[in-house]
Amino acid sequence: AVNDSEVTPFTVPSYACQRRSTLENHNAVLTDALSLLAENAELSDEDGRGVAFRRAAAVLKALPSAVTNMSQLTGLPCLGGHSLRVIKDILENGTSSEVESTKESERFKALKVLTGIFGVGSKTADRWIREGIHNLQQLRDSGQTLNRAQQAGLEHYDDIKQPVSLAEAEAIRGIVGRAVASVSPEAQIVLTGGFRRGKLTGHDVDFLITHPEEGSEVGLMPKLVSWLESRVSCHLQNVLLICDVIFLCAFQQERIKRCEIKLLALRCRITYSEQDETTASPSTTERRWRAVRVDLVVSPISQFAFALLGWTGSKLFERELRRWAGHEKGMSLSSHALYDNKQGRYIRASSEEEIFAHLGLEFIPPNERNA
Ligand code: 8DG
Ligand code: MN
Ligand code: MN
């Protein structure tokens, strides 16, 4: 055992957006435990508690080695009493009784299963649980009215629960890229979300689409969706895309229009035949059919850097960027713009690097935003 007096406490800056968080995590046991408590809090509509656990987990993820002794944590930011108790429990006993009992609780299990259905949030799941619905079979038997997204989500539950591989993401990029090129030849498409941060799997595939000429992106999303709906199903095979289509409207004279959010399920059949076979993973060469969640975002070029930064994540990194902007800089950051509250004006930027500079932050590349 290490003598307390010899232990050097770790130091990390308080905001996740000031830290470089790679995918390497020396404290996965601790962060998995805290993430589970965060998830439970979020599913119970206790967002404040959820964020507290997420921030604590992110601090542990940023440490250069495994925590072995509570005294190493002295002075670290974002570690509240509750998180510290959980960490202490695991360091001393190997597990946390709170985490274990949460994992086993019927309510948590039911919330996880029900919110795992595309289109079902914690409020709907909670209402169903109060009506005695705890699993998919009970939901099917209940005669509850499901909207279109939820019906598709229930039908393809197992597929959507299964992680999307990078090879599948690349294959879908090929399809969506072809759709974009045919409806608007100069439009550009970028993979965002976890894959842009270097993750090898994800729960969905996130795309950001823009056009080099401001205004030419208007109307692109409906055309893209029609192309996918009408053409993809005849020409391609093997993947059902469920798209969360979010259209970011044009930035007009310092005023941001409300996002128009559409939700639709597309039946797209995709083959991987165009894919480079040398990089194809076994799961893609099997060519089985599956459903994949896809988020499509269209942004005018003037907002592109903000949309790129906002849709690359991680969720906590984004939240921390906005908190930094608000609390430390008196600015409001969104996926559309950066507003200086004191000067009362929008600050333009054409790259992520410029946004970090405006925020007085060192640039953190995507693969180090895995907070
Ligand atoms: P994963 O899918 O690989 O599991 O992880 P991820 O790619 O990091 O998570 P994500 O849930 O796909 O979210 C990616 C980013 O997109 C995240 O940083 C936050 C952002 N985002 C949403 N929904 C919305 C939204 O409705 N509006 C805006 N502006 N951003 C959103 O997920
Ligand atoms: Mn994603
Ligand atoms: Mn997403």
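The exercises below, each with a worked solution, concern the ligand sites of a predicted model.

**Exercise 1.** Describe which residues, elements and domains form the shell around ligand 1.

*Solution.* Begin with the count: ligand 1 is surrounded by 17 residues, and the closest of these are Gly 194, Arg 197, His 203, Asp 204 and Lys 315. Then turn to the secondary structure, where α11 (193–196), β3 (201–202), α14 (304–312) and α15 (315–329) each contribute at least two residues to the shell. Finally, consider the domains: domain 3 (164–298) and domain 4 (304–368) each provide at least three residues of the shell around ligand 1.

**Exercise 2.** Find which side chains have polar atoms at 2.8 Å and 2.9 Å from an oxygen atom of ligand 1, identify the side chain that lies 3.0 Å from a nitrogen atom of the ligand, and state how much of the ligand's accessible area the protein covers.

*Solution.* Take the oxygen atoms of the ligand to begin with: a polar side-chain atom of Arg 197 is 2.8 Å from an oxygen atom of ligand 1, and a polar side-chain atom of Lys 199 is 2.9 Å from an oxygen atom of ligand 1. As for cover, ligand 1 has 620 Å² of accessible area on its own, and the protein covers 74% of it.

**Exercise 3.** Work out which protein residues hold the manganese ion (ligand 3), and how this ion is related to the manganese ion (ligand 2).

*Solution.* List the donors: Asp 204 (OD), Asp 206 (OD) and Asp 295 (OD) lie 2.1 to 2.2 Å from the manganese ion (ligand 3), and their spacing along the chain reads D-x1-D-x88-D. The manganese ion (ligand 2) is 3.6 Å from the manganese ion (ligand 3), and Asp 204 coordinates both. Distant parts of the chain are linked here, with Asp 204 in the loop between β3 and β4 (205–210) and Asp 295 in strand β9 (residues 290–298), 91 residues apart.

**Exercise 4.** Decide whether Asp 204 and Asp 295 count as buried or exposed, and name the side chain that makes a polar contact with Asp 295.

*Solution.* The cut-off for a buried residue is under 20% relative accessible area. Asp 204 has a relative accessibility of 5% and therefore counts as buried, and Asp 295, at 10%, counts as buried too. The side chain of Asp 295, a residue of strand β9, is joined to that of Arg 293 by a polar contact of 3.4 Å.

Technical notes:
Residues numbered from 1 in each chain as written. Chains lettered and ligands numbered in written order. Predicted model: local features only at pLDDT ≥ 70, side-chain atom pairs only at ≥ 80, totals over all residues. Heavy atoms only, no water. Near = heavy atom within 4 Å. Polar contact = N/O pair within 3.5 Å; in protein donor to acceptor, adjacent residues only side chain to side chain. Areas by Shrake-Rupley, 256 points an atom, 1.4 Å probe, with all protein chains shown as cover. Helix = DSSP H or I, 4+ residues; strand = E, 2+ residues; numbered from the N terminus. Domains from an automatic or database assignment. Donors = N, O, S within 2.8 Å, 3.2 Å for Na, K, Ca; no water. Buried < 20%, exposed > 50% of the residue type's maximum accessible area, 1.4 Å probe, protein only.
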